[in-house]
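Take a moment to turn the model around on your screen. Then use the notes below as a friendly guide to what you see.

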Amino acid sequence: MNAQRREHYLNVNYGVRSWLLTTDHKRIAWLYLVSVTFFFFVGGFFATLIRLELLTPQGDLVQAETYNKLFTMHGVTMVFFFLIPSIPAVLGNFLIPMMIGARDLAFPKLNLASWYIFIIGGLFTLAATAAGGVDTGWTFYTPYSSIYSNTHVALTVVGIFVTGFSSILTGLNFIVTIHKMRAPGLTWFRLPLFVWAHYATSIIFVLGTPVLAITLALVGLERIFGLGIFDPARGGDPVLFQHLFWFYSHPAVYIMILPSMGIVSELIACFSRKRIFGYAFVAFASLGIAIIGFLVWGHHMFVSGQSVHAGLVFSLLSFLVAIPSAIKVFNWTATLYKGSVSYDAPMLYSLGFIGVFTIGGLTGLFLATLGFDVHVTDTYFVVAHFHYIMVGGAVMGYLGGIHFWWPKMTGRLYPEILARLAALIVFLGFNLTFFPQFVLGFLGMPRRYHAYPPEFQVLNVMSSAGASILAVGYVLPLVYLIWSLRYGAVAGRNPWGARGLEWETDSPPPTHNFDTTPRVTESAYAYEKEPEEIYHFGATAHV
Amino acid sequence: MKNGAHISVRAYAAVFAALLALTALTTGVAFVDLGGGLNNVAALAIAVVKAVLVILYFMHVRTSDRFTWIVVGAGFFWLLILVGGVMDDLLTRNWPGR
Amino acid sequence: MSDVITVRAHQFDDLEQQHEASWIGMWIFLATEVMFFGGMFTGYAFYRAAYPQAFAAASNRLDVWLGAINTAVLISSSFTMALAVHGAETGRRKALIRFLLLTIVLGAVFLGIKFFEYHSKFEEHLVPGHSFQFEGLLARPAEIFFSFYFAMTGMHALHMVIGIGLLAVMVVKARRGRFSTGYFTPVELTGLYWHFVDIVWIFLFPLLYLVGRHL
């Protein structure tokens, strides 16, 4: 067979320059994949030290100041250098042009520039880490971050500032691409929900990230020039910083979850062999989450000195933002009903996502309730809540997506039994790590402390044990996915029998994605039809 | 039709003159006490009118498609959300509450 | 000028799609800039509402005439920029280049006046930090005013420097005949950027220079 000699995007040319100077969105996706995986394990390293310290009630592994640096660097690395870029920059970059029948994104050179900007920002932050790190928490609250901390705040905020522009440009690229480059017949309501999810995410990228940039810049200026904007001793208000910071950082959490929800829609449809129930509702819910998500930031500030009136407004709006998320969960569940369900690894991650995201989301409602929040704010209850969404939700969705599209990206199948085992290990390890933290928080254990009262030890030990299991669950895919690049079975065009334009071209795809521009005559997830009835590739070639 | 289609030099000149006049107006009005915080309103209102003129004419939005209008509107609307939320907090800090 | 061969980038199907994408891409970038400057406007609004007298007293220390002249200079540069784009649109290369150069000159004049103002403020000990001096009880919030003054006009000036750089690149490209009536998108987009920087100043002028002048 000529399969080995067919030209595709991976073998069209070789050499470092062909990768570092590529403008092919698929290669750029790989550049990001390697980078974010690196940062994931850096962040995981800090998490490991945290969980080791918390095995015992005494602060006996590291000093308090060092512990402050550990949780700060864990947060900064995971949030800005893994969670925010991961799905959009890896799977979004790879798939969006393909899903809409285009040859590339609207601005391929800008796409490459986004990656370089990401790397430069990452290097600044790694430099700050190597030089001793930061101890302010990833939230950089003033005036500690702007005046009193003796750690490398300026260097770190420069790194995050720079990386933010990577996000902004990616979001810009996605919005223009989705608006202007859809294939003939591919109307908005025929788009895969993955695309809708990334469109909504891109709105947040574009409108939220700049506020983080200017806020961190002001903190940097304050540190360097001694300005005093956030210094209470000089008339400044630290709560202003918190407003500006959370205006971005709350929508940022929707940046982290929306793409994962997009993946789950694709996977649930494929592994139920059914159209997504209530497609339009899910599409609008994505937009709703993005927009309402901009209105709730004050729920991070209920006890910081914000007015009661503001607290009430933000609490009410935070209840509202749960509605579109709930709509999605209902619709995914309804899709499963009477579907032809199979339990391949991507589906295991998706099913796990639904359960775990529901818990995370519901506990978000607890936290949105003013009275309850006063009790559990800054405790492990909050830590558990956001890890349920970010690790249970975002990371599990990400892993499900990587597995699902791996054959398309590499032309290889991963080992299915091992993958299902890893998914189960992740699910079990995850819940053992984070569920005890809800209890700990409710019982009063504060976050960001390296020592705790002895009565909390049992739950902490459970959590750390869970973390070690979770670590195994993460290392396994790293190993077998790399293994599969060489030894995995060769994948065909569409090993899952899925619906979607990306499955109508070779695995791995040619550089220009499609030999001819397709025409689409049906909406997404038309599993009751054959692909030939949906996607029409005519005779005219486009180069 | 191409976005940002032709706007005449006469229109540009008229906008230019209006912008200069509005600048003179806002500077002059600043020295007159309009009473009751109206000075702030006047300054902002004049600035908004100037900005709108620049956007519609110099930046060709007048002859652009609806998507352009939405992007322009979204940017300013989102800024209003930020300012609104922050000011709501500040201005209600002393409200009677629990 | 019409002999120029226009290159359609491979990902686009036709020139119109390419132009539309570039146009809206630039506008989306400008929306991000609205939010970027907007963060500082928000902080400014917050402290002005908190310290109205201090902000009025501090604002009165700025030279309103230099501010007004600079506003007129920048508005004029927007006019010349619009004329430059018009020149490109109608295929008049000499007019395009002339108006681009005029825009650069006006931008440089603005920056020159700004530099002079900064220098004066430095001499008057109104730069925030250790050397800041302001009489009376309003000193601390006045320092906050000047922090925002320097941060906002400084960020604006940085954007102007970048803008002048972009304009210079446009002059070079125009001289080399890279633009035609069918393709002048970079000039258009540079124009959008320049007008945006003008709009930021349109708000900065009254907010920084005209506070409490009637008192």
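Here is a short briefing, grouped by topic.

This is a predicted model, in which local features need pLDDT of at least 70, side-chain atom pairs count only at pLDDT 80 or more, and totals for chains, interfaces and linings use all residues. Residues are numbered from 1 along each chain as its sequence is written, chains are lettered from A and ligands numbered from 1 in the order in which they are written, and side-chain values use heavy atoms, with hydrogens and water left out.

**Chain C as a whole**

- Chain C has 6 helices and 0 strands; both kinds of element are DSSP runs numbered from the N terminus, with helices being H or I of at least four residues and strands being E of at least two.
- Reading from the N terminus, the order of elements in chain C is α-α-α-α-α-α.
- Along the principal axes, the C-alpha atoms of chain C fill a box of roughly 70 × 30 × 30 Å.
- Chain C has 215 residues, and 64% of them count as buried; buried means under 20% relative accessible area, exposed means over 50%, and partly exposed lies in between (1.4 Å probe, protein chains only).
- Among the contacts in chain C with a separation of 6 or more, 81% join residues 24 or more positions apart; a contact means heavy atoms within 4.5 Å.

**Where chain C meets chain B**

- On this interface, 47 residues of chain C are in contact with 48 residues of chain B.
- The size of an interface is often given as the accessible area lost when the parts come together.
- Chain C and chain B bury about 4,200 Å² between them, with 80% of it on carbon and sulfur atoms; buried area is the accessible area (1.4 Å probe) that two parts lose on being put together, summed over both.
- How many salt bridges does the rule find between chain C and chain B? The number is 0, where a salt bridge is a side-chain nitrogen of Lys or Arg within 4 Å of a carboxyl oxygen of Asp or Glu.
- There are 5 residue pairs in polar contact between chain C and chain B, both residues at pLDDT 80 or more; a polar contact is a pair of N or O atoms within 3.5 Å, and within protein one must be able to donate a hydrogen and the other to accept it, while residues adjacent in sequence count only if both atoms are side-chain atoms.
- On the side of chain C that touches chain B, α1 (15-50), α3 (64-89) and α6 (185-209) of chain C each supply at least two residues.
- The largest share of that side, 17 residues, comes from α1(C).
- By class, the side of chain C that touches chain B has 30 nonpolar, 12 polar and 5 charged residues; here Ala, Val, Leu, Ile, Met, Phe, Trp, Tyr, Cys and Pro count as nonpolar, Asp, Glu, Lys and Arg as charged, and the others, Gly among them, as polar.

**Where chain A meets chain C**

- Here 37 residues of chain A are in contact with 33 residues of chain C.
- The area buried between chain A and chain C is about 2,900 Å², and carbon and sulfur atoms give 70% of it.
- Arg103(A) and Asp13(C) meet through their side chains in a salt bridge (2.9 Å, N to O).

- Ser59(C) sits in helix α2 (residues 52-59) of chain C and is buried, with a relative accessible area of 0%.
- A polar atom of the Ser59(C) side chain lies 3.4 Å from the backbone oxygen of Tyr209(C).
- Thr177(A) is in helix α6 of chain A and is buried too, with a relative accessible area of 0%.
- The side chain of Thr177(A) reaches the backbone oxygen of Asn173(A) at 2.6 Å.
- Thr177(A) and Pro97(A) are 80 residues apart in sequence, and their C-alpha atoms are 7.6 Å apart in space.
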